[in-house]
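Reader: I would like to learn how to read this structure feature by feature. Please give the general idea first and then the case at hand.

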Amino acid sequence: MALVADTPKESFRLGMLIYDTRYRSITIQIIVMVLFLLGLWWLLDNLFSNLATRGKDLSFSFLWNRAGYDINQTLIPYTNDDTHFRAMLVGLVNTILVAVLGCVAATVIGVMVGVLRLSKNWLVSKLMTVYVEMFRNVPVLLWILVAFAVFTEITPAPRDFKVTDEMVAAGVEPAASMVLFDSVAITNRGTFIPKALYERSLGEVIIGFLPISLNTIAVLAVLIGSAMGYRAIKRHATAVQEATGIRPKTWWKSLLTLVGPIVALLFALGFHLEIPTLGGFNFSGGTLVSNSLMALWLGLTLYTAAFIAEIVRAGIMAISKGQTEASYALGLRPGRTMSLVVLPQALRVIIPPLISQYLNLTKNSSLAIAVSYMDLRGTLGGITLNQTGRELESMLLLMLIYLALSLMISSAMNVYNNAVKLKER
Amino acid sequence: MSDLHAHSARYVRDSMLPPEAPPALESGAIKWLRENLFSGLLNSILTVLGLLTIAYLLKLALPWFLHGVWNANSLGECRQVIAANWGEGAHGACWAMIRERWNQFLFGFYPSSEYWRPILALLLLFLALAPVLFDEMSKKLMGAVAVVGVLVLWLSAYNGQWLPVGILVIIAGVTAFVGSRGRHWPQNLMWFSLVFPALAFWLLWGGTIWLPVMVMAGFIVGGIALRIATPMIGLMPALAFAVLAAFFWWYFAAGPATDALAAMSGRNQPFWLRRVNSDEFGGFVLAFTIGLSGIAISLPMGIVLALGRQSDMLLVKALCVGFIEFIRGVPLITLLFTASLLLNYFLPPGTNFDIILRVIIMVTLFSAAYIAEVIRGGLAALPRGQYEAADALGLDYWKAQRLIVMPQALKISIPGIVSSFIGLFKDTTLVVFVALLDPLKGITDAVRASIQWKGIYWEPYIFVGAIFFIICFSMSRYSMFLENKLKREHR
């Protein structure tokens, strides 16, 4: 008589919560959850009791009060009668302005330096190495401060541009002169650049709270249209090439599509530049770009460009020599080898770190505080915070906006990264 | 035969000609120039442009450097000297400012009678780093340690303080004792690396020695609890018990014990150092304090965060991802402002803790998030087979991480980690915005605010920039050295 013994029924023991891998992760997660909630509760409890003892509440209504301070550099209309919210927007736009300018300039300089550092020319590659090492290994704050000192201490005062009759008679040159075909004046009061003006306006639309000129929208629309037309021409040329083997000449069509419409539109709108002119003791006309913006831009650009140069260099070096040789063997010229073989592959290596450099630049733009450029931190996290005494709300909002900005940049770049990524399997 | 051959061949060479010198264009400096500077039209243009740039920069800056004045008491005096030596209207650097304000750049407003303390802390740091950075015996290391010892003795003699010697004697004694118990040099110094943070805290801020001692005692309490409880209830519960024991020690026992011991020992030298407040810190002492503590804490924290982000446990992973992405999404300045303005809101009413400590916490959190991402990259680069091999060997999670995964992942991520460290060290300059005197802007502004040095711009920037450059550049070179040393595959 054979008794078939059941496998012993597993009874649950308390120790299994820790020693059985089936339950352990749940135990740990529960402990972590409890600790996290306890910590959160502790912080919030402290927060509310502190707020209560200080007689404060958590409210964002201060944003709708009158700001009462001036901002020297604004892209959107603002007076000191506007609300704190409006001041915050001015700051946000200023942050975005310097971030965009910085990213563009840093990319241009960084790519140039990175390519030149790989050059066979000994002198140039050594110069670029010195540049990269010098800018990478010193705090960005120093470069911003140095750039600011250059703009405020070394650049000439507006009166140095003055040409008097006596000077003309004596043949003496003025102490300073304008650059770029006498259109830009770099002075210690700021940089004066030409202003784009239209004789005829199509009117304005108000989107939310921002008045936007229809002229700008028209110009943008035409530019986008031209670009799409250009792509269509290229696509057509490729189709013809694939069908017949002969690529039709398209350069004059492309040129006409790209240049024609915009020139016609600008002519129709009566586009002209207002050149800054010296009158009395200061320049008038044109747009004044404050020294703080110029210094911040220059400092951030040069610093970030050094990092981008390294990224570009590493990206190009990561493409094996065999790729270049193979494309030469196929009979491609060096220019087309670069654009069709090396760069598309190098871009995949370059783009992810490039994204984080753009993010870094955007976040470093908060160093504007050092040169009193009124960016988001200067308005919302600076004067608004001090005037209203709403530290908690201001800092919370500030962090959230920066976070949103960062996430937006990184997701936009990730979309691009996915588009150029190597498609495998 | 040779006669026969002799009349048929008119001429037979019987000696080798010396080789011709290569053409002048293909040898020596000219060849190098042709190949490296003028290999084509574009390169020639670039070379000329480069030369012009160098010439322009030299013309701009060289006279200024050469006219530098090292002995003067004010900027006005400097300008007088330059005008007297090089003629009216000549420009020149006024390095005399660095001479005069050297101590301020290094120590901020640290009391000058106590300068030996940060110096001693820095010297002892080298001792503490020895077992961390090097694991093999070497004569060079012995030599370096001997040099540090001599410097400590000199510091002692120079300042008339016997405390540095006392500390050195204790270190030597304990190290020899540990060495005699079978630990080899330099690993027998490891105990000192663990004690060093408390010692450095005491040296820098002063006050009673019992506070750091009691804090350290918490770790010992935890260790003992772990040792006792493990055989009784197993490792995991014992770990929790140990953490609780240490926590109770710090929360309940450490404070009264410190007070009692401090009252007993009184305010005498070996137990009490003059208290230095945080607002007296400044210059490179501040930068080093924040930078080094940040580096030391952020690496382990970054590893933990990276592991948490890779974890299978959903909750742990979510918390780590949220933390990392939040910290990486906001600028450091906002975190520093949070530390200075908001932290009091989140702490029990009435608590107010040190501003430098708050800044260190924020800088560390910031850096840890970046390091976590770097290490995550290293973990992702590791072939899947390594994890599977570790599982196949039957290693548990922590053993697999410690013995298989981390050594390789960390090796891959060395360049990234070191550049995070460099970034952290550079970011210590941002503390100026929460009213601490960093060397770059804080001290420079303080110098410029004085009547003698009003209007001095470039010299302090160049000086501070040069020091930052030297430190950061050597860090990056060390990482390259380490990378080469640890490289296993030969390609």
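This is a predicted model: local features need pLDDT of at least 70, side-chain atom pairs count only at pLDDT 80 or more; totals for chains, interfaces and linings use all residues.

Reader: What domains does the assignment give for chain A?

Author: Domain bounds come from an automatic or database domain assignment. For chain A the assignment gives domain 1 (81–159 + 289–375 + 417–425) and domain 2 (196–274). Taken over C-alpha atoms, the centres of these two domains of chain A are 28 Å apart.

Reader: Which domains does chain B have?

Author: Chain B is assigned domain 1 (1–61), domain 2 (67–101), domain 3 (111–206), domain 4 (218–273) and domain 5 (278–491). Between the C-alpha centres of domain 2 and domain 3 of chain B the separation is 41 Å.

Reader: How many residues of chain B are in contact with chain A?

Author: Two residues are in contact if their C-beta atoms, placed from the backbone, lie within 7 Å. On that basis 43 residues of chain B are in contact with 46 residues of chain A. Helices (H or I, at least four residues) and strands (E, at least two) are DSSP runs, numbered from the N terminus. On the chain B side, the elements giving two or more residues are α3 (41–66), α11 (235–265), α13 (314–329), α14 and α20 (458–486) of chain B. The largest share, eight residues, comes from α14(B).

Reader: How do the residues on that side of chain B divide by class?

Author: Ala, Val, Leu, Ile, Met, Phe, Trp, Tyr, Cys and Pro count as nonpolar, Asp, Glu, Lys and Arg as charged, and the others, Gly among them, as polar. The side of chain B that touches chain A has 30 nonpolar, 10 polar and three charged residues.

Reader: At what angle do α13(A) and α14(B) cross?

Author: Axes are lines fitted to C-alpha atoms, for helices over the stretch in contact, and angles run from 0 to 180 degrees between N-to-C directions. Helix α13 (residues 391–420) of chain A and helix α14 (residues 332–346) of chain B cross at roughly 150°, and their axes come within 10 Å. A crossing is left-handed if the near helix is turned anticlockwise from the far one by less than a right angle, and right-handed if clockwise. The crossing of α13(A) and α14(B) is left-handed.

Reader: Which residues meet there?

Author: An α-helix has 3.6 residues a turn, so residues three or four places apart point the same way. From α13(A) the contact takes A:Glu391, A:Leu392, A:Met395, A:Leu398, A:Met399 and A:Tyr402, and from α14(B) it takes B:Thr334, B:Phe337, B:Thr338, B:Leu341, B:Leu342 and B:Tyr345. This contact has nine nonpolar, two polar and one charged residues.

Reader: Is the crossing of α15(B) and α17(B) left-handed or right-handed?

Author: The crossing of α15(B) and α17(B) is right-handed. Helix α15 (residues 355–381) and helix α17 (residues 397–412) of chain B pack at about 115°, with axes 8 Å apart. B:Ile375, B:Gly378, B:Leu379 and B:Ala381 of α15(B) make the contact with B:Val405, B:Ala409, B:Leu410 and B:Ile412 of α17(B). By class that contact has seven nonpolar, one polar and no charged residues.

Reader: What is the strand order of the open sheet in chain A?

Author: Strands of a sheet pair through backbone hydrogen bonds, either parallel or antiparallel. Two strands count as paired if DSSP finds at least two bridges between them. The open sheet of three strands has the order β1-β2-β9 (chain A), with antiparallel pairing. Its edge strands are β1 (185–187) and β9 (287–289) of chain A. β1(A) and β2(A) form a hairpin with two residues between them. In β2(A), A:Phe192 stands opposite A:Ala185, and A:Phe192 also stands opposite A:Leu288 in β9(A).

Reader: Is B:Ala435 buried or exposed?

Author: A residue is buried if 20 or more other C-beta atoms lie within 10 Å of its own, exposed if 12 or fewer, and partly exposed in between, with C-beta atoms placed from the backbone. B:Ala435 counts as exposed because it has 10 C-beta neighbours inside 10 Å. B:Ala435 has a positive phi of about 65° although it is not a glycine.

Conventions
Residues are numbered from 1 along each chain as its sequence is written. Chains are lettered from A and ligands numbered from 1 in the order in which they are written.
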